[in-house]
Amino acid sequence: MTRLIQKPAFFLAIILSCTLAFGQKNYFEKAKKSHNIDTAVFYGEKQLKLATQKKDSLLIIDAICFLSGKYSIKGRYAMAQKLAEQGLSYAIVKKTPSLKGKLYLELGHINKLKESYAQALNYYIKAHKLFEKSSSWGELLRCKVGLAEYYRRLGKFKPANEYIQSAFDLYKEKKIADTSLLVRIYNRAAAIDNESGTNTKSVISKSKKALMLAQRSGDRYAAAVSMNELGFTYKNLKKNDSCEYYYKEAEKVWFSIGADREAMNAMNNRAMFYAHNNYPKSTTDKLYADMVLIVNDKKIDYALSDAYSYFHREYTNRGDLKNALKFFSLYHNSVVERLRSENDIEIINITEQYESEKAKKEVRRISGDLSTSREALKLKNAENKRMYFFITVLVLLIGAIVFLLIRINKANRELQNRNREKDALIQEIHHRVKNNLQFISSLVNMQMNSSSNEAEIHSLSDASRRIKAMALVHEMLYNQKDAEGIGIKQYLEELIASLNDVVNSEKISIRFKMHLSEMNFNVSSAIALGMITSELVSNSMKHAFQGIEKPEIEITLEKTVTKEVVFRAKDNGRGMHEIITGKKTLGMRLIDIFSRQLKGKYSVKNNQGCEYEIKFALK
């Protein structure tokens, strides 16, 4: 009877093991063969879960590399980086150079897409050395292609060409029979040639070669990459029909496989192509509107700054200031949200890393304490039980006191470190915001320099001036050592000096009477007062002093006995035309908006010149 029971159980165990092994293999095959990225992620996550349950380290690392690549395509960089960094902690990775190199390579790709270029290069170089050391030729080739793409993104075409040529040579020398790798080489070679201004025939030849290989191997993602590159090439050649065809085909393929971000990039390329080639406004408007609709409906993690910027320009040109201001606000919010997202990801990563290290130290400390206690217990049991009792009580009391003192001291040090880290992170955020605002200002200036439309140049000049006023606040926050706010006196002095250099193009000799009290403002209040000052002073410089022999601008900022702040700006010019006519220009609207933001009572009147006054409570 016992034998009859045991044999079926034995066979059942074999069948179950085979089923698990087959299922494990099947998940990976389904993930790799799937043409839809979301489906591939679904099966890849199942594969990782199953491999983790079975504690199969090799399969875990394969699943991590596969998933981190797919997460990157979907724009989920934080998840991809966290997964790859977890892979580095496995013992088998520390012992195997090729596995460590694969994870370094994934981290290089992720940081390149995040535009953290210094970290990306560090990971790429580490991976390159490990692959050379372990003779992992296929992975080394991937690394070379990644480095070529890295330098292409930075506009350094010489090293980009060297790495892509090195990849071609390695593919031939080692006879690597991997079509997907060859497709990537041709695709990146075409992109480098395209952007470096190489013969367009070479670009088209390489792109079509990559497209043919990708279609033959069923790699639809790579095929769409080739189509998008061909669209870009034909755009430069002014072959509009071919350009439009390939951009549309790239969109269709990327949407069909779930690569929504790439599809949106292709749509954006097509929209810019329409805008720059005198297509009907209705065609460009519809395409940008479709982009906004798709992103919002599908909740795609894609920045619509180009679309919002386009609509802002169009409504400005059409004289529809309400919609122009609306889309400028959407554009500004999209830029700020992207910066905030990047900073949030970095803060989360730093915090998780810090907490992980702290937890590991705590576990090691507790493990050491337990080990010591066990040894002490064994030794004491060999001695007199009574003596053990009293000594143990005494030791425990002393240990508790010492432990509490150590914990208090450690907690104090950790609080100090956290405060320093917080201050450093806040300063870094202000530095990045300042840099990005300066970058946006530079883009606006480039657009202004390339324009011949006086109205557009005037609008862009005002936009640049307003951006610089905001950037100056973040620059001051970055440079100061304490975080008690903005020194408003220094800020207004620097702002007015900047306006005199930029706005006063005719170099009118203006006398500034500055009566500014020392006060600290928070960021939002400083920006609001700075924008009001910028609008008033620039308006005076441009329009107030025609025919005035001794132009003067008087700026007063003081705190009353009731702790109310009074700000006054007055010139001795011809007065403000808008006050007489009752017409509200964009400048007057902005003054109204930021005055309301300060929650103050303000007035603008002509009193032997334009005089503005606001009273508000300092927060």
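Predicted model: local features only at pLDDT ≥ 70, side-chain atom pairs only at ≥ 80, totals over all residues.
In strand S5, the bridge partner of glutamate 554 is lysine 570. Residues are numbered from 1 along each chain as its sequence is written, and side-chain values use heavy atoms, with hydrogens and water left out.

Some terms first. Helices (H or I, at least four residues) and strands (E, at least two) are DSSP runs, numbered from the N terminus. Two strands pair if DSSP finds at least two bridges between them.

Now the sheet. Strands of a sheet pair through backbone hydrogen bonds, either parallel or antiparallel. Here 5 strands form an open sheet in the order S2-S4-S5-S7-S6, with mixed pairing. Which strands stand at the edges? They are S2 (511-516) and S6; each has a single partner strand, so one side of each is left without a neighbour in the sheet. On average, neighbouring strands of this sheet are turned by 5° against each other, direction ignored.

Take the pairs in turn. S2 and S4 run parallel and are joined by 6 bridges. Lysine 513 stands opposite glutamate 554 in S4. S4 and S5 run antiparallel, with 7 bridges between them. They form a hairpin with 4 residues between the strands, and lysine 563 in the turn has a positive phi of about 60°.

At the other end of the order, S6 (residues 601-606) and S7 run antiparallel, joined by 6 bridges. Tyrosine 602 has isoleucine 614 in S7 as its bridge partner, and asparagine 606 stands opposite cysteine 610 in S7. This is also a hairpin, with 3 residues between S6 and S7; glutamine 608 in the turn has a positive phi of about 55°.

Next, the cavities. Rolling a probe the size of a water molecule over the atoms shows where empty space is left. On a 1 Å grid over the protein atoms alone, a cavity is a set of points where a 1.4 Å probe fits but cannot get out, and lining residues have an atom within 4 Å of a point. The structure holds 2 cavities of 30 Å³ or more.

Last, the helix pairs. Axes are lines fitted to C-alpha atoms, for helices over the stretch in contact, and angles run from 0 to 180 degrees between N-to-C directions. Angles under 35 degrees count as roughly parallel, over 145 as roughly antiparallel, 65 to 115 as roughly perpendicular and the rest as oblique.

H6 (residues 97-113) and H7 (residues 117-134) have axes that come within 8 Å and cross at roughly 155°. H6 and H7 are therefore roughly antiparallel to each other.

H14 (residues 260-276) packs against H15 at an angle of about 165°, with the axes 9 Å apart; this pair is therefore roughly antiparallel as well.

H15 (residues 281-298) also packs with H16 (residues 305-317), at an angle of about 140° and with axes 10 Å apart. Are H15 and H16 roughly antiparallel or oblique to each other? H15 and H16 are oblique.

Note on methods: 1 Å grid on protein atoms, 1.4 Å probe; cavity = no way out; pocket = protein on both sides within 12 Å on 5 of 7 lines; lining within 4 Å. Points joined across faces, edges and corners; volume = space filled by probe spheres on them.
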